[in-house]
Structures are given as structure tokens and as C-alpha cells.
Amino acid sequence: MIPSRRCYVLLSIGGASAALLDVLINRQVSLNFLGIYDFALLVATIADASGIKSNAVEVVRQKIDRLSVGRDNPIELQIQASKNKATVLIRDAFPQKFTVDKDTLKINIPANSISEQTYIIHPDSRGEYEWGDIHIRQLGKLSLAWRDWKVPAKQKVTIYPDLIGLKQLSIRLTIENSGTMRQARRLGNGTEFAELREYSSGEDIRLIDWKATARRDRPVVRVLEPEQEQTIFILLDRGRLMTARVEGLKRFDWGLNATLSMALAGLSRGDKVGVAAFDRDIATWIPPERGNHHLSKLVDRLTPIQPVLLEPDYLGAVTKVITQQTRRALVVVITDIVDETASSELLSAMMRLTPRYLPFCVTLRDPVIDRLAHSHTDNTKDTYARAVALDLLAQRQLAFTKLRQRGVLVLDAPCDRISEELVDRYLQLKARNLL
């Protein structure tokens with residue numbers, strides 16, 4: 001039992017009244033009044049607290065499914081009142097390292113009703129975490145006392161990569177897929193034969209199938225579509241540079257989100273997708289497969305992986321790909337670089353992929369560096385910070401220039417936009433049949 005504010009107010013009123021009686025009449029009358037008043041208040045408070053038990057609310061946390069790192073995830077609670085209306089304070093035992101929009105819910109529930117309440121949690125780390133019991137404090141009918149109790153609700157919850165973003169991307173790709181493929185077939189893009197149809201004015205005469213034209217005695221063109229069953233292999237760096245936090249998440253988490261987005265885009269286009277996470281060694285190797293089921297396998301296998309404070313072995317990772325993947329493939333290396341000198345091993349590794357494979361180097365830039373480099377300064381400290389940021393960007397560009405000169409595709413984008421830009425670049429490559 002916890003006395004409420006009203007109980008303390010009434011207790012103060014009783015004390016003030018007793019003091020007034022002491023002045024106006026005598027101390028004995030004052031003490032008698034105060035004893036009777038306090039005893040009555042105590043009995044009422046205990047009775048009020050006892051009555052809560054028979055009218056206690058029922059609180060249930062809806063089962064928490066997969067949560068996405070770096071996203072606002074709703075957690076739902078269902079509160080059911082009994083025959084009396086209730087005022088309730090609810091605090092869920094969520095992992096304290098994560099932020100929530102409100103850590104305590106105050107609810108007024110009408111009698112015989114159910115209230116659905118939601119709080120938003122924003123996890124900034126992947127892994128398995130535990131939600132504890134639900135702590136409830138309910139106010140009595142007379143508003144004199146609170147009663148505390150707990151509802152057993154312990155549950156282990158896995159924080160996954162950005163599944164919300166993957167769902168949004170899936171909807172986008174589904175909408176685009178049919179229209180994109182129809183356009184590709186209509187324009188004759190691609191290398192795989194799809195169908196024959198009559199020639200229309202203005203179409204490329206090089207697409208005319210002369211044998212079919214002779215048989216049908218009218219011009220017939222070949223309709224081609226982009227080649228299916230191509231292979232994408234993604235090498236995800238989990239080395240030292242990927243441990244840094246950028247915009248609230250580790251750089252590795254941004255890279256993992258981009259990896260899964262790229263995989264989803266490739267699988268939706270009929271390509272085979274393989275992934276490897278590496279540092280000094282290959283930590284995880286997932287051979288290329290196609291089909292929507294493969295995305296679930298990628299999510300489950302990659303979710304437990306965390307970055308480590310080791311320098312990555314780019315040459316070893318690329319050599320593994322060359323050994324295992326004999327057919328031509330788009331090889332995407334998701335990493336970060338500092339400058340041309342520090343990234344010499346990455347440059348050498350990417351060179352090994354040309355010309356047999358199509359190498360694609362994807363780097364995750366810190367948006368803070370961009371903001372510093374393009375901000376106005378009016379003091380020495382800010383000017384120095386801006387100069388350092390500009391130098392970092394210039395050094396990166398030198399490394400990218402050397403990669404491009406050797407035939408390596410390059411994408412350098414801010415961490416918070418890397419997934420979208422990587423998917424867009426892949427779709428462009430696919431439409432141009434560069435794979």
C-alpha cells in the first residue's frame with residue numbers, strides 16, 4: 001500500500017485543524033480530535049487499498065515479434081478494467097539501454113472496458129534482449145492509496161536488422177517489377193529471348209527475326225528481356241572501421257541493412273545472391289541461392305554477427321570468392337576507407353576481380369563529416385574541424401578515382417542513405433545488362 005497525494009493532503013488538513021482547535025479551545029480537545037481523525041483516515045486508506053485487489057485491472061503485453069534496429073518499434077499493452085473505473089500507472093521492464101517515448105503509462109479506464117496502449121522503443125543494437133515483468137500501480141476507489149504488483153511477462157526478444165525498411169523496399173520492388181519488366185521486354189532490352197511479335201513502326205530493325213518473317217510473310221521482331229539467373233556476391237566488412245557509431249548505429253549495422261536490401265532487390269529480379277562477412281577470416285559464408293526463402297536464411301544467419309576490432313583481410317575475402325565462384329558475378333564489397341594509403345589492400349583486392357568479375361566497392365560515409373565540410377565557420381575551432389573534414393573527403397576521392405580508373409564500380413554514400421542508393425545503382429546495372 002502506498003498513500004496517495006490525496007491522503008497526504010487530508011492528513012495535512014487534519015493537522016492544521018488540530019492546531020486551530022488547540023488555539024481556540026484547548027490542547028486536550030485538539031489531541032483527541034487529531035487521534036480520531038488520523039485513525040479514521042488510516043482505516044479509510046487501508047480499506048481503499050484492500051478494495052483494489054478485488055477490482056484490479058488485467059494487463060497483458062502482446063507478444064513482441066521481430067524488432068528492427070534503428071527504427072521506432074511499437075510495443076502494445078492491453079489493459080482490461082473490472083466493474084469499476086480505474087486509474088493505473090504501468091511501467092514495462094524494457095531493456096534500459098534503449099530509449100522509449102514514455103517509460104510510464106498513466107491511464108484512466110472506464111468500468112468494464114479494454115484499453116489498448118502503445119509505447120515506442122528505439123533499439124540501437126542488434127542481439128537478444130529480455131523484457132521483464134510489467135509493474136502496475138492502481139489507485140483505490142477513494143483515491144487514498146495505491147496498490148503495487150507485478151504481472152509475470154518475461155520474454156526474450158531478438159533485435160533484427162532493419163526489417164521495416166526491407167518490408168517497405170519489398171512493396172516498392174513489387175510495384176516496380178511488373179512495369180519495369182514489361183518496359184524492358186517492349187524495348188527489346190536484355191539478352192534472353194522472350195517471345196516473337198509483329199513489327200511496329202519505329203522499332204529497331206536489328207530486332208527483326210528474318211526466318212520468322214519469311215514464314216509468316218510479315219515483319220516479326222524478337223522480344224528480349226534481361227537475363228535471369230545472374231549472381232551477386234556481397235562481401236560485408238565487419239572489421240575495425242565498421243565498429244564506429246554513425247547517426248546512432250554502428251557502421252556495420254548500416255552495412256548489414258544495405259546488404260539485406262541489395263539481396264532483396266537481387267532475389268526479386270531472379271538473381272542468385274550470396275553473402276560473406278569477414279574480418280581477418282571469413283566469419284560467415286552463405287553460398288549464392290535464389291528464391292524468396294533465401295532472404296529469411298540471410299536474415300537469420302547475419303543477425304547475430306557483430307563487428308570486431310580487427311583489420312579486415314580484403315585479399316583473403318576476394319580470393320575466397322574467386323575460388324568458390326567460378327562464373328562471372330557482381331562482387332560487392334561493403335566497407336569504409338580513410339585514404340588511398342590506408343586502403344591499399346582494398347585497392348589491390350578489387351584489382352584481382354577485374355576483368356573476370358564486375359567489382360563494386362560500396363563505402364559508408366559519415367554524414368557528420370559532410371555537414372562539417374559544408375558548414376559556415378566563424379571561429380578557429382570550427383574552421384579547423386571543417387578543414388579536417390574537407391581533407392578526409394578529398395583523400396577518399398583520391399582512392400575512389402584510382403578504383404574507377406581500374407574498372408571498379410564505386411558508390412560512396414552517407415550511412416543513412418546507403419541502402420536506397422545501393423538498390424537504385426543495382427537496378428540501373430541490371431537495366432543496362434552490365435552484370
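This is a predicted model: local features need pLDDT of at least 70, side-chain atom pairs count only at pLDDT 80 or more; totals for chains, interfaces and linings use all residues.
Colleague: Why is Thr383 called partly exposed?

Modeller: Its relative accessibility is 39%. Buried means under 20% and exposed over 50%, so Thr383 falls in between. Thr383 sits in helix α10, residues 380-405, and its C-alpha atom is 52 Å from that of His293, 90 residues apart along the chain.

Colleague: How do you know that the length of helix α2 agrees with what a helix should span?

Modeller: Helix α2 runs over residues 27-54, which is 28 residues. At 1.5 Å a residue that should span 40 Å, and the end C-alpha atoms are 42 Å apart, so the two agree.

Colleague: What covers the buried residues of α2?

Modeller: The cover includes α1, β10 and β11. The buried residues of α2 are Ser30, Leu41, Thr45, Asp48, Ala49 and Ile52. At the start of this helix, a side-chain oxygen of Asn26 gets to within 3.1 Å of the backbone nitrogen of Gln28.

Colleague: Which residues have the most contacts inside the largest nonpolar core?

Modeller: They are Val57, Ile90, Trp131, Ile232, Leu330, Val332 and Ile334, in a core of 76 residues. Helix α5 gives the largest share of this core, 10 residues. As for Ile334, it touches Ile234, Met242, Ala258 and Leu422, among others.

How values were computed
Residues are numbered from 1 along each chain as its sequence is written. Side-chain values use heavy atoms; hydrogens and water are left out. Helices (H or I, at least four residues) and strands (E, at least two) are DSSP runs, numbered from the N terminus. The expected span of a helix is 1.5 Å times one less than its number of residues. Buried means under 20% relative accessible area, exposed over 50%, partly exposed in between (1.4 Å probe, protein chains only). Contact means heavy atoms within 4.5 Å. A polar contact is a pair of N or O atoms within 3.5 Å; within protein, one must be able to donate a hydrogen and the other to accept it, and residues adjacent in sequence count only if both atoms are side-chain atoms. A nonpolar core is a set of buried Ala, Val, Leu, Ile, Met, Phe, Trp, Tyr and Cys residues joined through side-chain atoms within 4.5 Å. Lists of a residue's contacts leave out its neighbours within four places in sequence.
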